[in-house]
Amino acid sequence: MSSDETPNVPTPRNSREAVREKAQQVHAKQSRARIMRRIIVGAVAVVAVGAVGTAVAMAVSSSVSKPTMSPSGMDADGIVVNTAPNVGAEEVPETPAPEETGTGATETPEPTPEPTASAAAVDVHIYVDYLSPGAGEFERANARQLAGWINEEAVTVTYHPVSMLTASSNGTKYSLRSAAAAACVSTYSPAQFYSFNHELLVDQPEVDSNGRTDVELADLAIAVGVDDAKVVRNCIEDGDFASWAKEATSRALEGPLAGSDDLVLTSAPMIVVNGEAYVGSLKDPVEFAQFVLTVANDTESTPTPAPTTTPTATETPAA
């Protein structure tokens with residue numbers, strides 16, 4: 001029996017076309033997928049670059065919008081102390097009595113020399129690093145007599161906070177931060193600067209220790225009775241004057257130091273009296289007092305050139 005129906009079998013031509021069409025569809029799909037991936041990657045890259053650019057712009061803007069802040073009331077990067085509270089905790093020793101002679105006679109010890117108030121007070125500049133053991137020794141030995149001289153207006157004392165030992169506190173930069181904290185107190189509560197400076201020096205952390213935190217520095221400032229405690233705390237904890245402290249130290253290292261012609265900062269502490277550097281014992285108040293008295297006398301004895309006068313012409317009498 002015959003039939004007119006043709007079996008539904010694709011011809012080789014139709015099979016190739018179907019395969020080609022399927023391949024084209026797959027290729028088109030893959031192409032679309034690659035294009036989408038490129039678009040996504042490109043978008044992510046643009047977002048990343050934009051984020052980096054924004055971060056850089058914000059950092060630059062932040063550094064530009066926050067210039068270096070300088071403390072107020074400074075004199076050549078120093079804080080002039082006009083009045084000093086009593087500091088009875090430290091006792092200035094008296095001049096030791098000389099040893100007995102062979103005859104058994106003794107001499108009466110001479111009192112510690114002191115400068116006297118005069119029209120021209122002795123000019124004392126003290127460069128202090130609050131991590132320097134020597135700075136602490138000098139303060140403990142001389143605080144009482146310095147306070148007396150200041151209150152008697154016999155000397156003008158200017159403290160210069162510097163940060164020479166910034167790298168000696170396990171990375172906490174205590175030297176720099178404490179100098180900046182002193183500037184905060186000087187700016188917002190100058191009457192309490194001497195007390196704050198004194199406490200920083202007589203109760204120092206050890207070299208190569210972490211030192212006080214910013215919070216502890218602020219607590220110490222409040223403990224000595226600063227005015228406007230909130231402002232002082234924010235200034236210390238935000239490190240407002242850290243850049244100033246660094247730059248002030250650089251200026252002192254370059255010199256000349258205040259009150260001198262050619263001195264530069266070589267160590268901390270460094271004490272300059274009427275332009276002359278003190279090189280004696282930091283722990284001997286008698287030796288320091290003698291130096292101050294000697295420098296003061298030398299300054300007063302320096303003759304002042306008398307002004308020259310121009311002779312006036314006299315008229316010759318007419319013949």
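**Links and a buried helix face**

Trainee: With -75 degrees about the S-S bond, is the link of Cys184 and Cys235 left-handed or right-handed?

Mentor: This is a predicted model, in which local features need pLDDT of at least 70 and side-chain atom pairs count only at pLDDT 80 or more, while totals for chains, interfaces and linings use all residues. Residues are numbered from 1 along each chain as its sequence is written, and side-chain values use heavy atoms, with hydrogens and water left out. At -75 degrees about the S-S bond, the link of Cys184 and Cys235 is left-handed.

Trainee: How far apart are the sulfur atoms of Cys184 and Cys235?

Mentor: A disulfide is a covalent bond between the sulfur atoms of two cysteines. The rule used here asks for a pair of cysteine sulfur atoms within 2.5 Å, and by this rule the count comes to 1 disulfide. That disulfide is formed by Cys184 and Cys235, and the distance between their sulfur atoms is 2.0 Å.

Trainee: Which distant parts of the chain does this pair link?

Mentor: Helices are DSSP runs of H or I with at least four residues, strands are runs of E with at least two, and both are numbered from the N terminus. Cys184 and Cys235 are both buried, a word that means under 20% relative accessible area, whereas exposed means over 50% and partly exposed lies in between (1.4 Å probe, protein chains only). The two cysteines stand 51 residues apart, and the parts they link are helix α3 (residues 174-188), which holds Cys184, and, for Cys235, helix α6.

Trainee: Which residues does the network of salt bridges around Asp219 join?

Mentor: A salt bridge is a side-chain nitrogen of Lys or Arg within 4 Å of a carboxyl oxygen of Asp or Glu, and Asp219 and Arg233 meet in one at 2.5 Å, N to O. Asp219 lies in helix α5 (residues 214-223) and Arg233 in helix α6 (residues 229-237), so the pair ties together parts that are 14 residues apart in sequence. Salt bridges with shared partners make one network out of Asp219, Arg233 and Glu237.

Trainee: How many residues apart in sequence are the parts that Arg251 and Asp77 tie together?

Mentor: In the salt bridge of Arg251 with Asp77, the closest N and O atoms are 2.8 Å apart. Arg251 lies in helix α7 (residues 242-254) and Asp77 in the loop between α1 and β1 (79-81), so this pair ties together parts whose separation in sequence is 174 residues.

Trainee: Is Asp77 buried or exposed?

Mentor: The two partners can be taken in turn. Arg251 has a relative accessible area of 37% and is partly exposed. Asp77 has a relative accessibility of 18%, and therefore counts as buried.

Trainee: Within what arc do the buried residues of α5 fall?

Mentor: The buried residues of α5 are Leu217, Ala218, Leu220 and Ala221. Seen down the helix axis, they line one face of α5, where the arc is that of the directions from the axis to the C-beta atoms. That face can be named because these buried residues fall within an arc of 155 degrees.

Trainee: What covers the buried residues of α5?

Mentor: Contact here means heavy atoms within 4.5 Å. The elements that cover the buried residues of α5 include α3, α4 (193-202) and α6.
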